[in-house]
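Hi,

Here is the structure I promised to pass on.

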Amino acid sequence: MTLPAGAESLHAAATAPLPEPRGRLSTAVAEALRSPPDPECPPTWPGTSGRDPFGDDLQLALQMCYELHYRGFRDVDDAWEWSPQLLAFRAGCEAVFLDALRRRAPGGDDVGAILDGLLREPVEGTGVSHFLRDHGEWWHMREFFVHRSVYHLKEADPHAWVIPRLQGGAKAALVAVEFDEFGAGRGERMHSRLFADLLAGAGLDPGYLGHLGAVPAPALAIVNMMSLFGLHRSLRGALVGHFTAAEITTAPSARRMVAALERLGADPACVRFYAEHIEADAVHEQVMRHEVVGDLLAREPELAADVVFGIHATELLEQHLAEHLLGAWREGRGSLHGR
């Protein structure tokens, strides 16, 4: 078969090379993926017990394992996606991560009260978008784009895993939200494409996972949480909770990002990405809360605690990232890995 002109270069641009490891766990994954899986000679995996659940090594190891379910890595055999050897190792990493999230989540099953709390913003906010709006410089903004690139270049993909695990109105409503995230049928309007345009407008590499090597654990953990929830049917309620929390909190944050970018005189492509989220996510908030969560819990009321867990886990990891970013920026130093 003869590929169309330029197809090989397009494929190369769409898949990223394996990142540089950051410890024993990620080294073991990277070394294993450099060769096809061999059932007769399985890799020797390091133990996961006692590893930092939010550290660079475990989070990068999980990211590499999960990426095999998305676009994969350049020169990595696709057979690794369902390799029992790798899945067993990944399960150990997941157990460490999930246990840490559960231990730190407050718990509870009052979904309505939790969602009401998300709708109330403090008058004097101190989050990342507040900092960028009021004090941010262009280098802060570019670093923020790099942190978010690991998710936004695959935006909506992790949430798609939950679609076959829902029923009736919850499924239909979530698909409607995802339809908007995927550009309502227009490739150039996909939110992942809009973020690639944002990166190019900011003078940054717009390639998929082009900044993976610079993204530290706090940002990786957020995306790994989405993949963890999405790939396990038992965590479907947690993924719905996460997705709902994200949709409720995005529109106010996006307004501040637009104000920050306009103040800094950013390229229109940078402003466009966040402006798109102001209106879209204000609508999605209502759909997720009333039509997705409402219908899900009417059918499966026992998932209420899982929905709350997904919201709390999202808040926890977003707070970790905010502390990492603001801690670095207020000291005048970079927040990216290796800085």
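Below are my notes, going from the whole chain to single residues.

First, the ground rules. This is a predicted model, so local features need pLDDT of at least 70 and side-chain atom pairs count only at pLDDT 80 or more, while totals for chains, interfaces and linings use all residues. Residues are numbered from 1 along each chain as its sequence is written, and side-chain values use heavy atoms, with hydrogens and water left out.

The protein chain has 14 helices and zero strands (DSSP runs numbered from the N terminus: H or I of at least four residues for helices, E of at least two for strands). Its radius of gyration is 20 Å, close to the 20 Å that the globule rule gives for 339 residues, so the chain is as compact as a globular protein of that length. That radius is taken over C-alpha atoms, and the rule is 2.2 Å times the number of residues to the power 0.38. Of the 339 residues, 52% count as buried; buried means under 20% relative accessible area, exposed over 50% and partly exposed in between, with a 1.4 Å probe and protein chains only.

Now the rings. The whole structure holds nine aromatic pairs (Phe, Tyr or the six-membered ring of Trp, centres within 6.5 Å; planes under 30 degrees apart are stacked, over 60 edge-to-face, the rest tilted). One of them is the edge-to-face pair of Phe-195 and Phe-273, at 5.0 Å centre to centre with 70° between the planes. Phe-195 lies in helix H10 and Phe-273 in helix H13 (residues 268-299), so this pair ties together parts that are 78 residues apart in sequence. Phe-273 also pairs edge-to-face with Tyr-274, with centres 4.9 Å apart and planes at 90°. Phe-195 and Phe-273 are buried, and Tyr-274 is buried too.

Two charges sit over rings (NZ of Lys or CZ of Arg within 6 Å of the ring centre and within 35 degrees of the ring normal): Arg-102 over Phe-309, 4.5 Å from its centre, and Lys-154 over Tyr-70, at 4.7 Å.

Asp-75, in the loop between helices H3 and H4, has a positive phi near 65° without being a glycine; Asp-75 is exposed at 73% relative accessibility. Leu-209 also has a positive phi, about 60°, in the loop between helices H10 and H11, but Leu-209 is buried at 7%.

Best wishes
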